[in-house]
Amino acid sequence: MVGGGGGGGHGVRTPANFPPRQKARLPRGPVHEKSLEQQKKGPSSSSPSVSSNKSPLQLAAAIVQPQKPLESPQHMVTPVRLQESPGPRTIPCSSGSVGSGSGAAPFDICIKRDDKCSIKLSRSLLEINREKRREREQLSKEAAPLQYLRPGMVLMKKFLKHDDQVDIIRRCQKLGIGSGGFYTPGYRDGGKLSFQMMCLGKNWDPNSRSYGDTRPFDGAQPPSIPEVFSKIVKDAIQASNEFLRQKARPANDVEELPPLSPDICLVNFYTSSGKLGLHQDKDETKPSLHKGLPVVSFSLGDTAEFLYGDVNDVDKASKVDLESGDVLIFGGKSRLIFHGVSRIKPKTAPNWLTDEAKLRPGRLNLTFRQH
């Protein structure tokens with residue numbers, strides 16, 4: 001072997017005692033791939049000074065001597081390796097996969113527990129319970145639990161209990177990622193609505209504005225309406241009628257909402273930029289509309305600014321905030337009102353709801369009706 005360092009008293013072995021396979025063990029790489037002929041040409045910035053009258057063995061000895069660190073980045077021969085974590089690679093945050101008629105993956109309304117977008121630490125149960133108590137106290141001070149908006153239209157503030165809201169979100173999430181789940185509704189001309197939709201019971205087609213047993217673009221059958229949802233609808237109508245009877249008692253003019261056996265539920269998820277223009281829910285059968293069978297709407301997540309009125313004019317429409325847990329009912333004389341969502345108010349969902357149900361930022365809305 002060649003002695004280390006710059007030479008100082010150390011000689012080079014003669015051919016007689018030089019190891020026969022030494023030449024094959026010369027280092028390979030960008031720095032040492034220069035030919036001996038190139039080395040003979042004279043000193044270079046990346047090799048020690050070598051005289052052209054030395055033998056090939058002496059030249060080889062000089063080449064394998066330790067080199068000084070090279071300053072040029074392109075001459076670096078030992079790349080730095082970074083340890084990769086054994087888990088999956090992180091990906092940029094996004095709102096999730098959005099389904100469509102082209103067969104894209106269904107939209108997931110919940111953030112998975114291992115989702116890299118979810119970096120907020122879970123809060124303690126004590127803190128969550130305190131927030132729930134403050135919410136109940138604030139509700140009792142600021143607004144009546146039931147509000148009469150107009151004939152046939154009742155708003156029930158926080159009618160959906162905490163456990164009900166979490167359960168509804170979890171059930172919709174499971175149904176939404178399965179067959180017949182969430183997708184982005186659109187029209188034949190390529191226009192898309194600004195929310196994700198899932199139909200339960202029967203499918204509603206935005207192009208034909210009619211109901212069917214399957215979705216036209218993939219043939220999927222809508223999932224059934226969970227029985228627990230139907231029970232909440234029944235309880236809400238019963239509570240509304242009790243409220244209307246008490247309100248009409250002095251005038252002895254009882255105005256009740258007809259009972260509803262929902263066989264249709266449209267589940268919409270609005271992101272923070274979602275909205276819905278003024279429209280009428282009039283695609284149900286004539287007997288259903290003639291009886292004034294109500295539409296029952298559940299709101300969960302971020303607050304929506306809801307518009308409603310007798311004419312299709314945003315400037316003349318009334319406004320009301322629909323918060324998480326609110327149930328809105330409109331039937332009877334208000335069955336065919338124009339209504340829509342002008343905007344979603346970001347970051348207004350209760351913290352306890354996003355902690356427990358992992359709902360994505362946005363609003364989940366369920367509207368029940370009878371075909």
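Predicted model: local features only at pLDDT ≥ 70, side-chain atom pairs only at ≥ 80, totals over all residues.
Of the 371 residues of the protein, 41% count as buried, and among contacts between residues at least 6 apart in sequence, 74% join residues at least 24 apart.

Now select His 279, Asp 281 and His 339, which the UniProt annotation "binding site", taken from an unreviewed entry, covers. These residues span 61 residues in sequence, yet no two of their C-alpha atoms are more than 8.7 Å apart, so they gather at one spot.

Centre the view on Asp 281, which is placed in the loop between strand E7 (276–279) and helix H6 (286–290). Asp 281 is buried, because its relative accessible area of 10% falls under the 20% cut-off. Leaving aside neighbours within four places in sequence, show the residues in contact with Asp 281, namely Leu 289, Val 295, Phe 330, Arg 335, Leu 336, His 339 and Arg 369.

From there, move to His 339, which lies in strand E12 (residues 338–345) and counts as buried at 6% relative accessibility. With its neighbours within four places in sequence again left aside, His 339 is in contact with residues including Gly 277, Leu 278, Gln 280, Phe 306, Leu 307, Tyr 308 and Phe 330. Its contacts also include His 279 and Asp 281, the other residues that the "binding site" annotation from UniProt covers.

Conventions. Residues numbered from 1 in each chain as written. Heavy atoms only, no water. Buried < 20%, exposed > 50% of the residue type's maximum accessible area, 1.4 Å probe, protein only. Contact = heavy atoms within 4.5 Å. UniProt positions renumbered as here; feature names shortened; annotations may be inferred. Helix = DSSP H or I, 4+ residues; strand = E, 2+ residues; numbered from the N terminus.
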